[in-house]
Every structure is written in C-alpha cells, then in structure tokens.
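This note sets out some points for a reader who is new to the structure. Please look over the sequence and the model before reading on.

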Protein chains: 2
Amino acid sequence: MNRAALPTFAQVQEAAARIAPYAVKTPVLRNTTLNALAGADLYFKCENLQRGGAFKFRGACNAVWSMDDAMATSGVVTHSSGNHGNALALAAATRGIPAHVVVPEDAVRTKLEAIERAGAILHRCVATQAAREAKADEVQRATGAELVHPFSDTRVMAGQGTAVLELLEQSGGLDAVITPVGGGGLIAGTAIAAHGVAPQIEVHGAEPAGADDAARSLAQGQRVGPFTPDTICDGLRTLIGETNFEALRMHRVEVTTVSDDEVVAAMRLLWNELKIVVEPSSATVLAAVLKRPERFKGKRVGLILTGGNVDLDALPW
Amino acid sequence: MNRAALPTFAQVQEAAARIAPYAVKTPVLRNTTLNALAGADLYFKCENLQRGGAFKFRGACNAVWSMDDAMATSGVVTHSSGNHGNALALAAATRGIPAHVVVPEDAVRTKLEAIERAGAILHRCVATQAAREAKADEVQRATGAELVHPFSDTRVMAGQGTAVLELLEQSGGLDAVITPVGGGGLIAGTAIAAHGVAPQIEVHGAEPAGADDAARSLAQGQRVGPFTPDTICDGLRTLIGETNFEALRMHRVEVTTVSDDEVVAAMRLLWNELKIVVEPSSATVLAAVLKRPERFKGKRVGLILTGGNVDLDALPW
C-alpha cells in the first residue's frame, strides 16, 4: 500500500463533497493570548471536535463511500493505534458495512473502548509495524474486507486534505499552514489541497523529537528506515509512508521537531486558553510555532488540531 | 442594585447588535453518544469558548458599550474575583476605558493575575460581602466609575440573553433550554430572550444541591435569605438576585437540583465526548437533563455551557 498514488487536488475536492453529509464542519478558534505569544495570527482548526474526536474520520469516510456496492459489502479492515481505527468504524457504520480493526497491544485504553463502541471487530497484535501489517493481511484474506491503510491510501489522503479546504475558507486565507506529521496522510492531503487553492501557501509539519523520521528523511534526502519511537505523542509514532514522503519533497514541506516537554507545555496552553481537550499529538503544531517565532512572525498561520482523545485519568502534568 | 429592572426582549436584541463586533459567536456542538444517554436531541452552546472563557463577557460588554461617552470616560467598577471581574476587564479594554475590580484578600492568585493581565486595576478588601460592597462604593465615589453588578443589572441581564438568541438560530429551533442558576443574570436574560422568540419554549434552570436557593425560593413562593453554599460549582455559590427571582416566577422556570457527584460525572462526559474544557458550574445542565429523562425525552434541548475556567492541576477526579 505504500506505493499508493497521491491524490490530485480534484480528488480532494470530490472528497469534500462526498463526506459533507457525514463529517462535522469543525469550528476555527482564535485567541489573543496565543497570538501575542506567537507574534502571529493563529487560526486553530478544531478537528478534535470532528466525529470520533479526530480528523481521521475525513479520510476513512472518503474511503468507505468511494467503494462500489459490491466491494463495500465485505466491509473494511485497517491497522491503527487508535484514531484511524475508530474513524473507520464510525465511517463504516454510516454505510452499514463491517469494520475490522487491528490494534497494537500498547494502544491507549480509551481509544480501544471507543473503537469497540463504534461497532468494530477488534484484532489484537504486538506493537510493531510488521506485525500490524501481517495481521491486517490475514484478516483481509479471511473476510474479503477492503484494506483502508491509515495514511498510504489515495482515498484517505484526499479525505484528510478536506480539513484545510474548510480552514482556508473559514479563515479568509492563510500565509502558512502546519499539521502534525506521523504516517503523513494529513500532511500530504494538506499540501495538495493548500497548493491547489494557492501555490504560495507555506506548508509546515511538526514532529516529536522522539519520532523525527520525516525531519531526518528530509535532511538526508531519502526516507530513513524503521525506528523505535520515544514520545508522548501516541498518534505520531509511525514511520512516514513512501508516497507521503514524496509529497513532503514535492511540496517543499518544512518539518520542525519539538520535545515532549514542549508538547506538554503547548497542550496546557491549548486547554487553558482555547478551553478545548486536545491530545499530545495535536499540541505539536503550537509547540513548533512557538519554538520558531522568527519563522512565523506576522503571518496568518493555520494550525490543524488533529484530535482530542486522551485518558482523563492519565494527563501528562 | 437588586431592584434593577428586567430587560425587555427589545433590549436583548439591541444588546446582540451592540456586542456583535466584540463577542465570539460561539459554536453549538452535538454528540450522538450524549443524545443516546439523554434520549433527547441536545444542542450544546459553548460559552466556554467565549472571550475570557465564559458567557459573562456578553453582559459586561453590553454594559460597557451602553454607556454614553461622558459616562464611559470614568470607567467601570465591580466586585468579583471570578469570571465577571475578568469579563468586565476585557470588555472595558475593547472601549479603552478603565476597569476597577474589587477583590477579596483570599482570592485565588491565578484568577487575580488573569484579571490584571486583562488590564484591570485591582482593589483589595477583606473577604466579606459587606466589605466588598463598601469598597466598590468607595472606588465608585473616588473615580466616578459606573457600577456594573454581576447579575442584578439590566444591561448585564440583556447581554446574557444574547447567547440563547444565537443558539435558537444555530439549532433551528428548540423545545426547551436549560442554564445554570447562580445570581440569576443568565437565566433571567435567557427566559426573556427565549420567550421573546417563541413563548412556548420551556425554560429550565440547573442548580447544585449545595446552593439550591433558587429551587427553595420557588418552592416557598418567596426568595429565601442568605445561606452558606457547599458545592464544587464555584460560579453558582451566590444568592439569586431579587429581580432575577421575579424573572424565574414570571417565566415559569423549572429548577432541577443536582449533587456534586452528578456534576462531576457530567463534567467528565462533556470533556470526553465533546472534547471541550468546561468548569463544574457548566456541567450542572447536562447533569439535570440526565437526571430527569422523563422530563426531556424526545425534545430538542439547548444547554448553555457557561464557562471553562478550571485549574488543570486540581481536577475533581
């Protein structure tokens, strides 16, 4: 699946129309205190308020409703540390088809509970990329379900790109946009969508220092190999996909790395100032903007807050 | 100030136009899990996302911009170490006039810092109601500032009523609306505004069992006297104002009391399902709706989530 084609801008626009009946047009928040801290005009796109509590519903929903009826009957399968699995379960439910979700043993408890509540069938495996893919293959062969990869899937990338389309319209235009970088579905879709609207928009990524494979890959000019992540950002522990990495290069995406301490400080700021619940992965974007004031100074910057699925009994402060 | 006239519906509409350039039109959130729990269609009006993190900005802003230029020059004064003090400071700043806030010696340092950050001049006094009122009188005489009472002020009540005007438009119509009841500025403004739009809308209040003066007053047919509050809901420890109580009777408001345990359970549900930060006072409305399913079953219910100012290091679970 890592060789899936990148979506075109037209495919992102089609995705927007396809998911409109099911996805939430999430609000954009602004805050004078955070603007003052950053020295920039910040527009926060609240995908934590999306169905399932994360942007992932967009891509999953686009994949589910892109399938023809014959293909859809057997359902869908994926491997996911949480938000994508939940999103695919919710998306499958909108079409009344089965969803199989392969989950690693170290996934966040609240996320697994949500996936089960959404009606998916869970399949557990050990917490390695290889084990996840092997288990998903197995389920796919046994059930005939269609694989919907969390990030290296054309339909998924197109769906994720719809968030920035809304953000550009809601904000009235941006100089730069920044998203977290994990497997790279969101950053790829965002880059294609943003540059489809206005080629001069700067596209930035934010990555935890303990999972900085995209930053290292860009620095080396080629995609690095598998690594052992060490970060609080449970949504960003994945190696960036091959196609996704190509999108970063094609669209001249700049990736800023941030420490877990910087992430937690930014997460507290978001909770305290915006009054919203965001998970650590979401806070990387604010941490990156605050870390490089010279880079963002005076600009209109869109920040995609990717999700809000946290365990309230295990907050990182 | 307790004898201030209730605002008319026209005054609420004027307030909406007056504060529109400064206040946030807060989003309305919906959630299938909470709808299923309640057996009703719930529309959550997110005033925790209002400027200053609470609906209080609406009333304060309406008061500040209702004054003529000569009157405004001397500024405004109030006694409140909580959300209203902060809101008045922010509102005064939008007009570039001074805000004096009388705060008791035992007020929480972080709250005082927030009020100072918003640009207010703090006046300390000892921590009794009499001392606060005396100090506010003193500041008023010394500076010529206009007193803006937290809830027994016509302009403040009119401003608070603007939230439900927006909610009715955003939801496409409601069968019932529910707000927390403290001093009664929000419930009075809400009742007047809702019945101005549609007289058949049921108006409900939610009160903590440890500060149930409005419920007891309604049961006895007359306003009870001062009491010692015992509740986690720090925004609702006030005795309801005289005029505010009259509004409850005139508009046949039904008040439901909820325990602090019910409030904390509802607060967790709001954080987990809506992905927003709300303070305990806000959660009373969901607690009340969940406590009386027979009363709200099948209805379109608007719930005003009043604020999101909590100490992240002292969460009640």
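1. Which side chain meets that of B:Arg268 in a salt bridge? The partner is A:Asp313, at 2.9 Å from N to O; a salt bridge is a side-chain nitrogen of Lys or Arg within 4 Å of a carboxyl oxygen of Asp or Glu. The rule finds three salt bridges across the interface of chain A and chain B.

2. This is a predicted model, in which local features need pLDDT of at least 70 and side-chain atom pairs count only at pLDDT 80 or more, while totals for chains, interfaces and linings use all residues. Residues are numbered from 1 along each chain as its sequence is written, chains are lettered from A and ligands numbered from 1 in the order in which they are written, and side-chain values use heavy atoms, with hydrogens and water left out.

3. Chain A and chain B each bring 20 residues to their contact (heavy atoms within 4.5 Å). About 1700 Å² is buried between the two chains, 60% of it from carbon and sulfur atoms; buried area is the accessible area (1.4 Å probe) that two parts lose on being put together, summed over both. A:Leu49, A:Lys275 and A:Leu312 supply 37% of the area that chain A buries against chain B.

4. Chain A is divided into domain 1 (9-54 + 155-305) and domain 2 (57-151), with bounds from an automatic or database domain assignment. Their centres, taken over C-alpha atoms, are separated by 23 Å.

5. Between these domains of chain A, about 2200 Å² is buried, 52% of it on carbon and sulfur atoms. A:Tyr22, A:Arg155 and A:Val156 supply 32% of the area that domain 1 buries against domain 2.
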